[in-house]
Amino acid sequence: MDGSPARGAPETVPEVDAALRLFPGPVAVVGAGYGSAAGGLTVAWVTRVSIEPPLVLVSIGHERHTYGLLEGATEFTISLLREDQVAVGRLFGLHSRRDRDKWAETPHVLLGGGVPALARCAVRLLCDVAGRFATGDHDCFVGRVVHAEVVDGGPALPMRGRDYAPQAD
């Protein structure tokens, strides 16, 4: 035996979570609207999945207010945050629309059929919902990019472990 776990032996959730938190990923705000309701939340599980057609994927937890909006939405926005937008990431990540209208506190634009996106960010995307599939406690929403705009450019804000604040030297 070399000290490694036996093949197929389950790892503990904290060990797996600690390992997966080392995967780099951008921090973004996803905007959604359904009917007259609008919402948004911070996500760190967002990636591109296809060049042609241009597709991106965001993973949204079932308990999130914006998840409920996305269930009926035909489009959503992704605003990729810049490194200097930690406060915006925290606003959209720590507060629910159930308790606070984050868009009323944040300069934004409306794209497509009236979906909010940040006025200031690195990149802004408008996506048509191209698919959705369940993945445990999250659903993955696949978006076909119908509008892409480099707003302020990079560097983008990366997820760093459990937070996205820059690390102290």
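A search of the whole structure turns up 0 disulfides, a disulfide being a pair of cysteine sulfur atoms within 2.5 Å. The sulfur of C121 has its closest cysteine sulfur in C127, and because that one is 12 Å away, it is too far for a bond. C127 is accordingly in no disulfide, with the sulfur of C121 as its nearest cysteine sulfur at 12 Å.

A word on the ground rules. This is a predicted model, where local features need pLDDT of at least 70 and side-chain atom pairs count only at pLDDT 80 or more, while totals for chains, interfaces and linings use all residues. Residues are numbered from 1 along each chain as its sequence is written, and side-chain values use heavy atoms, with hydrogens and water left out.

**The chain as a whole**

The secondary structure comes to 3 helices and 9 strands, and along the sequence they follow the pattern α-β-β-β-β-α-β-α-β-β-β-β. Helices (H or I, at least four residues) and strands (E, at least two) are DSSP runs, numbered from the N terminus.

How does the radius of gyration fit a compact globule? With 169 residues such a globule would be near 15 Å, and the chain's 17 Å agrees with that; the radius is taken over C-alpha atoms, and the globule rule is 2.2 Å times the number of residues to the power 0.38. Along the principal axes, the C-alpha atoms fill a box of roughly 60 × 40 × 35 Å.

Of the contacts with a separation of 6 or more, 65% are between residues 24 or more positions apart, where contact means heavy atoms within 4.5 Å. The chain exposes about 9500 Å², with carbon and sulfur atoms supplying 56% of it; these areas come from the Shrake-Rupley method with a 1.4 Å probe, and for residues only the protein chains shown count as cover.

As for burial, 37% of the 169 residues count as buried. Buried means under 20% relative accessible area, exposed over 50%, and partly exposed in between (1.4 Å probe, protein chains only).

**Around C121**

| Residue | Relative accessible area | Class |
|---|---|---|
| C121 | 0% | buried |
| C127 | 0% | buried |
| S79 | 0% | buried |
| L81 | 0% | buried |

C121 sits in the loop between β7 (115-118) and β8 (123-135). Which residues does C121 touch, not counting those up to four places away in sequence? They are S79, L80, R82, Q85, V151, D152 and G153. C121 is also 92 residues from V29 in sequence, with 9.4 Å between their C-alpha atoms.

S79 belongs to strand β5 (residues 75-80). Beyond its neighbours within four places in sequence, S79 is in contact with C121, and also with A28, V29, A117, L118, V123 and R124.

L81 lies in the loop between β5 and α3 (86-94). Setting aside residues up to four places away, L81 touches V27, A28, V29, V88, G89, L118, A122, A156 and L157.
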